[in-house]
Amino acid sequence: WEEPKPSTSGLYVLGMDMKIVGKVEGLGEGERVYSVRFQGDTAYFVTFESVDPLFAVDLSDPASPTVTDALEMPGFSRYLHVWSDGVMFGLGYNTIEKVNGEWTWVTTDGIKLCMYDISDPSSLKELDRLDTGFYYSPAMDDHKSLLISPEKGLIGFPVDTSYVIYRYDGAEGSGFTRAALVDLNWTWNTRGLYIGDYFYVIGSDSIVVLDMTNTFARVAELAVRAG
């Protein structure tokens, strides 16, 4: 019996004829890919086993993709989104190592928000991080559940039995701060959007309206009847 080799991840560049013209392999030994984002000539992706390596790969020469940096931190990001020039947002999980006798394993330990400095792909940095205290969000499997508005400095998504809205103030500001938490009966397929000065949380059985000019005070609610 021969022990199987640990799995690895790779990035492959295909030509117009769908044949491989360039590749980089052997990344994240024993890990799997959780999120990917392309920005210009650079690909960013996250693998995970016990820590979160955020890889940056230079694709300016398709025949010779090159890893320019790998930023490691606890946990992992399930979704990556370019926030602004040189800054990328990540939604993911914290992780914790557990031990029971001879067994050791890593499990998720709450949702985290991160901002990464990607202005120099050869020197990735973590700008801000927030441990939210929440443990589940449909946004982990459906990015359409997320509202991300760099223009308003807002990030919103359903969590556990609520909808949460965060502000983000970078450039040595306050980082992530929670702006509102709306209790709901059901969070699956819940969406958030804003029109003018009002933020709408649209769920399966209600629509909640928040005043964005008044610290997200609740100003109206409409019960929705299915069918």
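1. Let's begin with charge: the protein chain carries 17 positive and 33 negative side chains, and the centres of the two sets lie 7 Å apart. Here Lys and Arg count as positive and Asp and Glu as negative, with His and the chain ends not counted; each charge is placed at NZ of Lys, CZ of Arg, CG of Asp or CD of Glu.

2. A word on the basis of these notes. The model is predicted, with local features needing pLDDT of at least 70 and side-chain atom pairs pLDDT 80 or more, while totals for chains, interfaces and linings use all residues. Residues are numbered from 1 along each chain as its sequence is written, and side-chain values use heavy atoms, leaving out hydrogens and water.

3. On the overall fold, the protein chain has 18 strands and zero helices (DSSP runs numbered from the N terminus: E, at least two residues, for strands; H or I, at least four, for helices). Its C-alpha trace spans about 60 × 45 × 40 Å along the principal axes. Of the 227 residues, 43% count as buried (under 20% relative accessible area; exposed is over 50%, partly exposed in between, with a 1.4 Å probe and protein chains only).

4. How many salt bridges are there? The count comes to five, taking a side-chain nitrogen of Lys or Arg within 4 Å of a carboxyl oxygen of Asp or Glu. One of them joins Asp141 and Arg78, at 3.3 Å from N to O. This pair links distant parts of the chain, 63 residues apart: Asp141 sits in the loop between strands S10 (125-131) and S11 (147-149), and Arg78 in strand S7 (residues 76-84). Asp141 counts as exposed because its relative accessibility is 56%, whereas Arg78, at 26%, is partly exposed.

5. Two other pairs deserve a look. Arg218 and Glu221 form a salt bridge with their closest N and O atoms 2.8 Å apart; in Glu126 and Arg129 that distance is 3.1 Å.

6. Please check Met18, in the loop between strand S1 (9-14) and S2. Its phi is near 65°, a positive value in a residue other than glycine. Asn189 also has a positive phi of about 65°, and lies in the loop between strands S14 (175-183) and S15 (191-195). Most residues other than glycine have a negative phi.

7. Met18 is exposed, since its relative accessibility is 61%. Together with Tyr12, Leu14 and Ile20, Met18 forms a nonpolar surface patch of about 430 Å² accessible area.

Definitions and conventions: Patches are made of residues with over 30% relative accessible area and no salt bridge: like charges are joined within 9 Å, nonpolar side chains (Val, Leu, Ile, Met, Phe, Trp, Tyr) within 5 Å. Accessible areas come from the Shrake-Rupley method with a 1.4 Å probe; for residues, only the protein chains shown count as cover.
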